[in-house]
Every structure is written in structure tokens, then in C-alpha cells.
Amino acid sequence: MRTIIAILMLCCILVAAPAASAEGEPADQGPSAAGKAGAFARISKTVSGVKTIAGAFRQERRLAMLARPAVSTGRFYCMKPDKLRWELINPEPSGFLVNGDLAKQWKGKEGPSDAFETKQNPLIKLIVDQIFAWTTGDLKWLEQRYSINVVQDDPIILKLVPRSTKEKKYVDHLRISFEAGTNYVHVVNILEKGGDSTRIEFFDLVINGQLQQGLFE
Amino acid sequence: MDACFSIFSSLYSFLSRRRVLLYCATFVVILLAAFVLRNIKMNEDIAPLLPDDQSEAAKDFALLQKAPFANKVLINLRGTAGTSRKELTETADRMSLAMTLPYFTRAVSGPSLPSAEEFQTWFTNALPQTFTNDDSIKLQKTLTAQEVRSRLQNVYAQLTGPEGWFMKPLLQSDPLDLKSTVLEKLRHMNVIPGMGLYNNHFISPDGKNTLIIAETPVKMTDSKGSRELAEDLKALIKRVVPPGIEASVISGHAYTTANAETIKKDLFVILSSAGVVIFLLILFFLRSWKGVLVFLVPSSVLCLATAGTLLIYDSVSAVTMAFGAVLLGISDDYPILVYFALCSKERDPKTIVREVAHPVMFGGLTTIVTFAVMLLSTLPGQRQLAVFSMIGVAVSLVFSLIVLPHLLQTLPGEKRYIGARSSRSLSLPRRGVLVFWLLIMALCLWQTGRLHFSGDLQSINFVPEDLQKAEQHLSKTWGDFRGSAVLFAEGSDLESSLSVNDSLFAYLSEKLPSGQIVSLAPLLPSTATQQANARRWKDFWADGNERLAGKLLSEEGAQLGFSPDAFAPFFEMLKRHPYPITLEDLKKIGFGDLMGSMVLKNDKKVQTLTLVPDTQGLVDLFEKDEKSPKGVRLVSQGRFKGLIGKALVGNFTRYIIFALLVIVVAVGVLFRDPKKVLLALVPVVTGLIFMLGAMGSLGIEFNLFNIVAAILVIGLGVDLGIFMVCNITEGYDHTANLAILLGGLTSFVGLGALALAQHPALTSIGITVMLGLCGVIPAALFVVPALYRKTP
């Protein structure tokens, strides 16, 4: 029963969450189709060789409902094609990990929960898909959901406008900046309709490094 | 009286000159019966075996069929140690997709979860409409600085976590976590207690079982449809379920199929073994090929009785057919008596026929009237059985007294019997017989006090081992949700039904732990209750609590870093005017299945169901507590057993009284001598007392089926009693004893064949009547002569 309640809660949550399905609006081709293609090619070339990626992040949420920005920091570990660990360290430890179709979640000092299927928890699935797409530069996935414009060619900055009308209600656009030279993701900015924003900065990235065993267990 | 029986001698004379015509007519009748039987429709349905009157038991049985899982087909998929949840649930998906018409209208492997958007709108509205007094008290307790701080800390943590990217609107509109009040009420809508969810599939707590719930248009009582459904399902399982996953099917249909198959097998065993043994017994005792003619009478009777039953009913019940063996055993008593009577070469057959017609007709007619008592039964199967037996006995009388004498007299060969040349009789020392009889009777009467009447249908159901194991596994894995008691809150319309349901929920909440009540009342109260709840909600916030909440959220929020108007959406929500929760709303947001199962409508009334554990305490509560809500009907297996048990006692008493009255009158008319009447009743009374005493002593219970045994024992006992009294009063010789012994033995064999059955219902009848016959036969052979014999 607790599971049902949890699921129902998540269903409620998802109403407010940006829907991930693409809807039939014309794609924003951007100022220069050739420039966009070039930028995409560079990102694709960079990520094509990525097997693992790990690093730290700093999240800053500027919300109207908060008097001051909420800053949190943590680490993430990602292994293609389907493993991710997202750990919030400050101010409150929490996180989740995904290994294929299975996921675990934890809060505070509690240990990870029993494994559950990611499909069972649509919110986790949505978050995981987003993080995977940003960190691994999955432009195909992103293009299905957003119309993408190249704002700046070098370092590359992309502007992503949601295709889904539901998501459009809440999210104005996303802005993803890539690191100069390496073309790895550097900053993700989520700008909401009401002016709220969330900035996630990735740093100390280690590409194809040896990941500690048991990180995804 | 003799004038009545002289009709048989006249008929004999008349037909002696027209024997070819008689044989042709007999042959044509049998041929016609065979013609009727060519399209025999035998049904193994359990419906004829259940009450069809307006009794409480009949009403309860009809209502039990409306319980949420009563007509559903459940398939449990059980994985082995190496089976992953994914594999298990994917198999469940493939199975449910494959389960289509004509056997399945719908198959689900998981719950219908509410669609998110509609659910949120509904849940926001449901808050005021379902706001109970308890909710009010609990909420009041949360409006403290400490509680609000704790909840806001949680809101802050969620905002800073990844889920906060998407949860902001919800957290803004519900900082006090009021949604949990509504979500907690969903607990009462969980029909399967052991249910967990995995990827929107039903999954057991150990993750090794998943469940498919299917709807079928096949009625549970339709044995043919159930068999086809079972075969279809078996083929699907073979095709879809991979090795390593075990599928077990649990449904009423599985019981119907198992019972029908068993009864069919039993029919073959019973009829063939009874036929062969009765034939051999006749040959052994009669020692003449003419004995075959005697055997032809019960064989033809079987054919004609079945055909006659089919002319009255559309189909014949398999249980009735199983009684064919009993009919074989009963209906051969008359031709045997005629055969032995006609063995006398010295006398005119015409005279013999007239004389033998006396006991044969009276025995037969009394048996017919005794069987007629079963027409009073509330079970359609027993009424059909009465018709079948009455036709059979009537046909046997006609064949034995009109056709058989001609066959025996005209066809070549001798009429012989075992011990024909011996003058020894079966008589035993009179005193010894009587003392022994009295002792046995006293002992049996003492033991009758231990007799029980059981209304448990399960105990007379054939349950194969695999089905039994599957039931146990299902109950252990998912909880005993199929065995719940069902409370029907009735009303002339939905509103009145829901109103009764509200009272019921309030009443049960005081008596049972909250987790044991499955009810719609918390989430779908009646309109009146919803209005009262909405008023309570409005009053709660108007009564200074809105201001208090604003103050606490502002002060505690400020300390945690929330801006002053962070929770403005919450206060906007409080101002919204709620609209009533309707059944349609709940269906729309994904509770369609549940609503369909828990709210039953017909032209005249609406019933809202509540499920609770089936305990004696609950039954007592609704039978004895005057404060229990009105308009509620409790239906449970436990109560049903009790009702059937009571009905059994009533039926049994009625049978015994009517049958005894009938035979006393019949035997009185026949003998017109109190002493002879009492003597003729000795085998009946002995048989009944012996049967009841032996059952009490051996712990055999009376059930819906073996209650028929009482009628059979009375019918058989009175037959043998009449034969014996006629013979000993009209010239006592040992051929009469032989006829009675053979008649008794063939009846014993016919009934004994029932005891060979695998089906508990048939076995119980067989064993019970055999016990009765153990009293009837010796009483007829030894006690009646001993009581009649004059002291020298």
C-alpha cells in the first residue's frame, strides 16, 4: 500500500513536472543550420569516446519562494550505457543510483532503499534521462524533446526550448554550456516561466577514469 | 384390494394372446427412449446442487457470487530463485495480452493507477470533501511551530534535491503535506493485502510472484465453458510462460472443471462397476440365462428414466446420472421378486402375477411416494433426482409385472436359482436375533447424539491436490482476499447506498482495526457526508486556523530561508470551492475496476460492498448486535456454512417426517393390520437408526448430498419390509428370503458403487446409504421374521 501511495504521490508530482514527450511543433532551426551541425558534430565527436564520466557539481536554485539561493553540492558518476550515481553531499546528504532498469534512492543518513524499477518511479526516470542526456551529450534524446539553438559556437552554448506544451507551462528554456576545448558539459541552466532558475555547474570531470567498484550496487 | 391386483392377472391373460405385440411395443418404447437419449445433454454444473428458493442460504449464495473476486480468474506466476522480477512481469504482460475473447474480456497484471493530471485535481478537491473529524483533530495537532518547521525542512530538502526540479508547484501548494491525509485513505481501497507494485505490476513482497486478474464471460457454473476456458488457458500458459516460471490458475471455473471431470470419470466407474456386479450377482443367484431377462429390466429402466427426465428437463445433471447405479440396484428388486414367484411350476402364472403384484406394487408405490418427498427440496438437483427415481421405479413396476412374466414364461430355458433344491432357510434363533438387534439399536441411538450437520460446501467439493496447493500458495502470498466476508450496504439509489455505507464504515471502525476494512466510504462518502466534511473543512480554516497556518508558515519559513509569499498557492487552494466527489470522478482517475467491483447496480437497488476478514466474531456482530447498521447484509463463507447447516437440519427433519408419514399411510392401506404395518416398518427404522448411529460414531457428517441417503434408506427399507411381511404372512419360504437377499445385495452394490467415486459428494451418499442398508437388509431378513414368528 505504501508503494501505491508513493506512486500516486509521484503521479501528482508529474502533473507539475515537464512532460518528456515530444509534440508536433516545428523545430527551431536556429540562426545557422551549418553552425548547429558543426557544433553538434563536435559534441558528438567528444562524447563518442566517453565510456565513463565522473565529477563534482554545484547546484544553485534561485526561486521566488526562497529568500536566498539554495546551494547544494555533490558528486556524480556515470557509466554508459545505463549506470548513474547522483550524490548530494551538502547541505543534506541524499541521492539515487540507477543501474539499468533498477534504481535505489536514499535520504539523510538512511541507507539506500530496496531496488525498484526506474519505470516504476517516473520522476526518477525523468531525472535520470535528463542527467544522462546532459552529461553524455545525448543530442538525439535532447532534440526529441527540445528545439535546440546554438547560441554560441565556441565554447558551445545551446538553448533548448521545450517542444511539449505541458513542459512549456513551467519551463521557458534550458541553456547548456560546454567546456571550451573539451566540449564536455559545463553548466546547465533551467529557466522557468515565472523567473525561477536552477543552475548546475559540473567541474573536476574525469573522463573514462576507473570508477570505484560497487558504486552502482 | 385384491380386485385392484386382479387387473394384473387379467392383463396377463389379455397379453398372453398378444405377446408379439407386447414385445414390439416394449421394443419401440425402449427404442424411443434411445432416440431421446441420442442428444443427451448432461451438465456437471454445480447450480442444481445449490438452493434455488428465497431462503437466506439461497440469497447469500447469490450474493457471494457478487464478491469482487468471485467470478474472476486469477493466475499466479511464480518464479524460481533465478527468475528476475523483470522476467516475471514481462511474462505476466505477455500472458495478459494473450488472454482474449471468447474466454477473456479483460486481463490485467497491475492496478489501474490514476492518471496524474486528473488525480491531482481530484485530490485537491477531495481534501475538503473527505475531511473527517479525525482528520480535523490530526491537522490541528500539526499546526504547531515544531511540526510546521519539520514539514518545511522536508520541503526545503526536496527542493534542493533533483526531484525538487519538478516538485516545486506541489510543494508550494501543499507545504503541510495534507495530501497524505487523502493518500492514507487509499489504504482502504486495497483489496489485495499482500500486494506490492513493481513497474506497475502486482508483485508479492518476496518479489517471486506476480498476479494476473482476468474477467471472463464464462459463468462459473458452466462446466462446458469452464472446461474450454481451462484448456485455452493451459495452451496459453504452455505457449507464453517460459520454463522456470510456474503458473497456477485459481478460479471458481477451475473447481467447476475439476468437479465435472471427476463426476464424469466417476459416472463411468459407478455405472460400469454397478452394472457388471449386479449382473454377476443375478447370474450367480439365478443360475439361468433367464436371469439376464431380470437384469434387462433395471437396464431398460435406466434408459427410460433418463429419457423421461430429459423430457421434463433440458438437461440431466451428472449427479442424477450417478444415481443411475442406485436406480439399477433399487429397480431390480421388483423383477427379482417376480422371477422367484414365477419359479413355482405348480401354480398358474396368472395367479402368481396377481399375488406378487401385491408386494411389488405396494413396495414400488411406497418407494415412489417416498422419493416424491424430495420434490419438496430446495435443491433443484434433488428434485430432478426425485423425478428420475420416480420414473425409474414406475417403469420397473410396469416391466416387472406386465412384460417380464411373459418373457419368463414363453422363452425357452428353466427358471432356476441358487439352493433351489435345498430346503434350508435363512432363519436364526429368534431370541438371539432380537436381543442382538435391540442392543445394536440402543448403541446406535446413543451414538446419534454425536451426529453433525455440515453446511460447508468445500468439504463436498472435489478439490484436486494442485488446486488445493495453488489456493494455499495464493493465500500465503497475497493474503486471504478471496475469503473475505462481504458486507452489502443496500439502498434504492447510489446516494442511499453510500449513506448506509458511511454508517457501516463508522460502525466497523469502532470494532475492527482500520487496516482490516476495505471500503469506499473514506474516499467516496455520500453527498450528505461530503457536505458535512466540506463544512468541517471550511470551519476548520475559518476558525483562526488559516491565520495560524499563515503565521507559522511565514515565521518558520523565514527561518529556513523561504520568502514570505512562498506558499501563496496553498492559501489559494483553501479558498477554492470544492465540488462533490462522484463515482464517475473516481472511475475517470483510474479506479474504474474497483468501482465496478465495489458498487453494484441493478434496476431496483444499489449495493456498495465492504470487505472485512470472515470471522465468527463478525458474524455474531451482525446477528446479535442491535446497534449494527440497518440496511447492511453480511455475506460470508462462515455464515453461509451456518445457514446451509441450519437448512440441512430443516430439510432432514422435513424429509424424515414426510417420508415416514407417507410410508405409514401406504403400508397401513396395504396391510390394514397394525402388527403387519409395524413389522414392515422395522427395516426402515432399523436402517435409519443404524445409519445415524454409525455416522455419529464414525464422525461422518450430514451434508447437502448425503441427506438424500435418508430417503433412499426409507425407500429401500420399506420395499424390503413390505416384501418380507407379504412373504411371511402369505406362506413363508426361503425363496422369499433369497429374493430379498438378492434385492438387498444389488441395492447395496448399486450404492456401494457410489462409494468408489472420487467425488466427495457421491462418496458421501454411497457410504451413508450403505450404512443404512447394513441395518435394513439384516432387519428385513432376520428381525422381521423373528418378530413375526409366533411362540410355539
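Predicted model: local features only at pLDDT ≥ 70, side-chain atom pairs only at ≥ 80, totals over all residues.
Mentor: Residues are numbered from 1 along each chain as its sequence is written, and chains are lettered from A in the order in which they are written. Local features need pLDDT of at least 70, side-chain atom pairs count only at pLDDT 80 or more, totals for chains, interfaces and linings use all residues, and side-chain values use heavy atoms, with hydrogens and water left out.

Trainee: How many salt bridges does a search of the whole structure find over all chains?

Mentor: A salt bridge is a side-chain nitrogen of Lys or Arg within 4 Å of a carboxyl oxygen of Asp or Glu. The search over all chains gives a total of 28.

Trainee: B:Glu556 forms a salt bridge with B:Arg149; how many residues apart in sequence are the parts that this pair ties together?

Mentor: The closest N and O atoms of B:Glu556 and B:Arg149 are 2.8 Å apart. B:Glu556 lies in helix H21 (residues 527-560) of chain B and B:Arg149 in helix H7 (residues 145-160) of chain B; helices are DSSP runs of H or I with at least four residues, numbered from the N terminus. The parts tied together are therefore separated in sequence by 407 residues.

Trainee: Is B:Glu556 buried or exposed?

Mentor: Buried means under 20% relative accessible area, exposed over 50%, and partly exposed in between (1.4 Å probe, protein chains only). The relative accessibility of B:Glu556 is 5%. B:Glu556 therefore counts as buried.

Trainee: How does B:Lys575 count by relative accessibility, buried or exposed?

Mentor: The side chain of B:Lys575 meets that of B:Glu546 in a salt bridge (3.4 Å, N to O). B:Glu546, at 25% relative accessibility, counts as partly exposed. B:Lys575 has 63% relative accessibility and so counts as exposed.

Trainee: How are H4(B) and H10(B) oriented to each other?

Mentor: The axes of helix H4 (residues 85-98) and helix H10 (residues 223-240) of chain B come within 10 Å and cross at roughly 140°. Axes are lines fitted to C-alpha atoms, for helices over the stretch in contact, and angles run from 0 to 180 degrees between N-to-C directions. Angles under 35 degrees count as roughly parallel, over 145 as roughly antiparallel, 65 to 115 as roughly perpendicular and the rest as oblique. H4(B) and H10(B) are therefore oblique.

Notes: Helix = DSSP H or I, 4+ residues; strand = E, 2+ residues; numbered from the N terminus.
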